[in-house]
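Here is a brief report on helix packing, cores and a chain interface. Read it alongside the model.

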Amino acid sequence: MDKRDADSVKQAIGCPMSRRKFFRCLAAAGALAAMPGGLLRPFDAKAGKIIYEGDYEIYRNACPRNCYDTCSIKSYVKDGVLQFIEGAQASTFTDGGLCVKGYAYTRRPYSPDRIKYPMIQDGRGSGNWRRISWDEAMDMIAKKLVEINDKDDSMLGLGLTKYSGNFGITNYAVEGMMTSLGYTTRLVGTPCWPAGIDAQNYDLGDMWCNDPEDMVNSRYIILWGANPAWNSVHTMKYIYAAQDRGAKVVCIDPVFTQTAAKADVYWQVDTSMDGALALGMAKHILDKGLFDKAWVDANSVGFDEFADYLRNEISVQWAAEKSGIPRQQIVEVAEEFATAKPATIWIGYGLQRHVNGGATVRSIDALAAMTGNVGKTGGGARYGHMRTWGFNYHALLQKRPEGAKGFLGGKGPKGDFDFSGDEEAEYTDRALNINKTAEMLLTADDPPIRVLWISCKNVLSQDFDRPKMLEAFKKPELIVSVEQFFTQTVELSDIVLPVTTLFEEHTINASYWHYWLSVNEQAIKPMYEAKSNTEIAAALSARMNKLKPGSCTFPTKVDTRQWMIKEFNQDIYDLFGIDSWEDLKKGPAKAKMHPASWHDLEFGTPSKKYEFRSDLCAQHGHQALPKFKAARKPYDKLRLLTPHTKFGIHSQFINIDWMEDFNKKPYCYLHPLAARERGIGDGDQVRVFNKVGEVELEVKLTQNVPADVVMMYEAWFRNNAYNCQNVVDDTSSDMGKYKTGAPGVAIHDQFADVEKV
Amino acid sequence: MKKQLAFYIDAKRCIGCFTCAMACKNQYHQESGVIWRDVYELKEEIYPHRERAFYSLACNHCENPTCLNVCPVVAYYKREADGVVVHEQEKCIGCGNCIRSCPYGAPRYNPVLKRAEKCSFCWQRLDDDRKPACVLSCPTDALQIVDLAEFDEANAVQYPAGFPRYPSLNPSVRFRLPAMPKMIRRKL
């Protein structure tokens with residue numbers, strides 16, 4: 001975006017104001033009776049005692065972001081304005097605190113950058129935005145949908161891309177809205193964790209992790225490619241507690257992360273060679289007879305074949321050469337891991353974002369299983385779970401309109417968060433790989449994607465091969481974004497619809513990591529003209545049915561609180577030991593589940609055992625055993641890593657002005673040796689470039705990264721064009737298609753070079 | 001010794017997550033750029049890994065506060081009961097004496113109100129039996145509230161490397177130093 005565009009966007013959304021000025025304007029407009037925060041500021045010593053529980057209305061909220069922690073929030077409201085928030089103390093996991101991102105929420109509904117009204121852009125990318133009414137916006141979209149349905153005799157020309165921007169359960173109304181319009185095109189799969197999900201399904205029959213709070217019981221913890229100090233801050237206390245009780249913590253990561261700095265031992269593994277390392281450890285454990293023979297005999301299949309493979313094809317020396325970790329270290333940690341009981345491994349998502357990622361997760365699972373650590377408290381190969389997500393999916397499950405036609409053949413879309421069940425029908429939606437969105441938009445035909453609906457996703461910041469995406473975004477006839485801020489995706493949309501923040505809607509939130517459940521109440525009235533995804537679906541349905549009766553089955557009037565209640569069922573109540581959803585207004589509830597996954601040793605695999613040899617995996621075109629799989633061949637001089645920043649979840653939070661106080665701009669990180677070879681000094685402006693594209697930013701020199709790596713963080717800054725997807729291609733990872741409908745993406749199998757500008 | 005509340009900064013547990021700093025903004029909504037609590041990265045001379053060890057710092061609520069001593073309009077007072085140093089912004093004339101004099105940089109200038117302001121130790125929360133926002137927020141208990149009259153932690157230090165030494169002020173803050181893992185790096 002050039003500066004002129006940025007300026008016109010700013011003009012369109014109104015000049016940024018200070019908070020005080022902003023609230024003065026609101027107060028002048030009669031929206032506020034009092035300036036928020038005024039009473040909270042401690043300046044007036046005579047103000048006297050503040051009664052926190054009593055002077056405020058208190059609501060329950062939950063962070064709906066794609067994060068392990070899914071924090072339960074207690075919101076303090078006065079005069080209809082959100083004043084401050086805290087972590088819910090009722091949850092032992094959240095324990096009264098949030099994170100740097102969570103505490104910035106108080107600013108979000110009132111951010112001067114927020115999209116306030118439906119707007120239309122005269123010329124995609126022009127920055128010439130003008131305000132329109134909801135009626136006008138719905139009318140334009142509905143007319144277009146009727147038009148494409150008439151033209152194609154189906155709704156397949158309508159494409160949806162949605163992922164993890166808001167995991168509140170009622171937000172599945174977006175998928176429900178698509179279903180209610182007919183058979184549509186869905187970008188399916190997940191860029192996040194699919195290779196590992198498939199791997200765990202092959203090995204164990206599901207992805208199911210121990211309670212993170214149970215990690216205090218571990219005697220040995222390997223944090224393998226996981227960085228909870230940044231990505232799950234609330235789990236750190238359990239790791240510390242285990243350490244205080246004598247557990248050893250080993251952190252394995254190509255980067256010396258913040259978590260590595262808190263471990264007892266840090267291993268700087270060569271990126272994507274984690275599988276070799278795991279197999280080397282397994283080989284040594286086998287040779288020393290330290291595996292749990294009784295457990296393996298009773299609870300697994302294929303161990304003998306795996307042992308043969310280890311004996312014949314793996315040596316610790318080979319693992320040392322592949323991984324860069326000295327032989328003696330591998331031997332030492334392998335022996336410690338095998339003899340400390342219970343021992344656990346936390347498998348991070350980064351290590352499976354490789355062309356050999358699924359194979360890697362399988363070899364790490366095997367390490368946990370052969371030592372008898374699966375099914376035990378304090379043990380487990382921890383990855384994630386969906387055991388607390390048994391909602392009704394009332395918002396999701398909508399009927400197709402009568403006579404709707406769709407895609408013949410194929411099995412229809414799937415996803416990691418697909419709860420639609422196996423539907424047998426003549427027609428299905430058309431499923432396209434979300435991890436190749438640019439390619440899919442460019443090549444989908446008969447019909448092409450004429451209308452693209454984007455919700456809970458920032459495509460231009462998060463999808464791969466951005467240069468190709470810029471081309472792809474020229475193709476649809478209409479692009480609609482549902483957003484809160486003028487992201488780079490909105491900049492290339494035609495219509496933007498303002499959506500509610502967590503404080504302005506009713507929903508429910510569960511975690512894919514811990515076992516807590518939170519209700520999310522509407523704490524404040526929606527600001528400006530924002531609507532929830534459910535209300536947007538209802539508004540669109542109303543207009544569709546006015547134009548063409550029967551063209552959309554989505555209810556035209558929704559009570560969002562009722563819709564939230566409709567997601568609960570008796571099984572949920574029983575699982576969480578509550579009588580009614582209203583119990584959650586007193587605070588989050590924890591599932592009454594055994595802290596150890598697979599504690600009954602009834603595995604979900606075809607054999608009902610742990611499968612060292614998975615025939616299903618072989619049927620799907622992979623190796624039956626958890627064998628080593630080669631890495632992607634480098635296509636440039638340095639490996640490029642683009643992990644999370646601690647100041648954001650993917651592209652979210654970094655744009656908030658409060659966050660800018662602590663994280664003003666992006667940096668890349670380079671080892672001093674790599675910098676010296678290139679004549680680069682600390683603080684230089686550099687160009688990171690590869691076959692995909694390039695980015696320019698300031699460099700920090702540090703030995704936290706290996707000498708063959710350049711690292712920068714995912715981010716969307718509101719006043720900076722930086723975008724790491726300019727240098728990340730869309731190469732697939734090995735696994736993911738089985739359970740999520742599309743293979744994952746090899747985000748960390750990227751390469752680039754750096755030069756001073 | 002009289003009761004003196006202090007911040008205990010456990011850099012061994014601190015993950016530099018900035019949660020405390022944002023929890024403060026969440027509570028007090030300071031103007032953009034006005035920061036009461038910040039998280040300071042330790043220089044590589046002090047901790048050899050960049051951006052991996054931190055001190056979370058705000059006002060130190062000194063035993064003998066410079067801000068209070070230099071204020072011409074008595075906009076500061078020190079609470080008898082707990083030693084918290086309170087700034088009364090409605091009395092402040094924005095002269096900047098405290099801002100220039102505090103060697104720890106605790107008082108900050110609010111360019112909108114044209115007055116100073118600083119960390120209050122959340123005294124109103126304290127008076128309601130609640131932890132300060134930053135302390136409550138810390139996910140690893142790396143930032144704690146302690147009473148120096150009773151504080152007895154053998155490993156604690158008052159002036160770690162990088163933290164200015166002003167015994168005449170006697171800052172009410174204690175630290176535990178960061179640790180390092182055994183490092184196994186691969187050879188290239």
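## Helix packing

The crossing of α11(A) and α14(A) is left-handed (the near helix is turned anticlockwise from the far one by less than a right angle). This is a predicted model: local features need pLDDT of at least 70, side-chain atom pairs count only at pLDDT 80 or more, and totals for chains, interfaces and linings use all residues. Residues are numbered from 1 along each chain as its sequence is written, with chains lettered from A and ligands numbered from 1 in the order in which they are written.

Helix α11 (residues 274-287) and helix α14 (residues 316-323) of chain A pack at an angle of about 160°, axes 8 Å apart. The two are therefore roughly antiparallel (angles over 145 degrees). Helices are DSSP runs of H or I, at least four residues.

Contact means C-beta atoms, placed from the backbone, within 7 Å. In α11(A), G280(A) and K283(A) are among the residues that meet α14(A), whose side includes W318(A) and A319(A).

## Chain interface

57 residues of chain A are in contact with 48 residues of chain B. α10(A) gives the most to the chain A side, with four residues.

| Region | Nonpolar | Polar | Charged |
|---|---|---|---|
| Contact of α11(A) with α14(A) | seven residues | three residues | two residues |

Asp, Glu, Lys and Arg count as charged; Ala, Val, Leu, Ile, Met, Phe, Trp, Tyr, Cys and Pro as nonpolar; the others as polar.

## Core

The largest nonpolar core has 202 residues; C668(A) and V710(A) are among those touching the most other members. Leaving aside neighbours within four places in sequence, C668(A) is in contact with residues including V686(A), L697(A) and V710(A).

Methods: Axes fitted to C-alpha atoms, helices over the stretch in contact; angles between N-to-C directions. Parallel < 35°, antiparallel > 145°, perpendicular 65-115°, else oblique. Contact = placed C-beta atoms within 7 Å. Core = buried A, V, L, I, M, F, W, Y, C linked by C-beta atoms within 7 Å. Buried ≥ 20, exposed ≤ 12 C-beta atoms within 10 Å, placed from the backbone.
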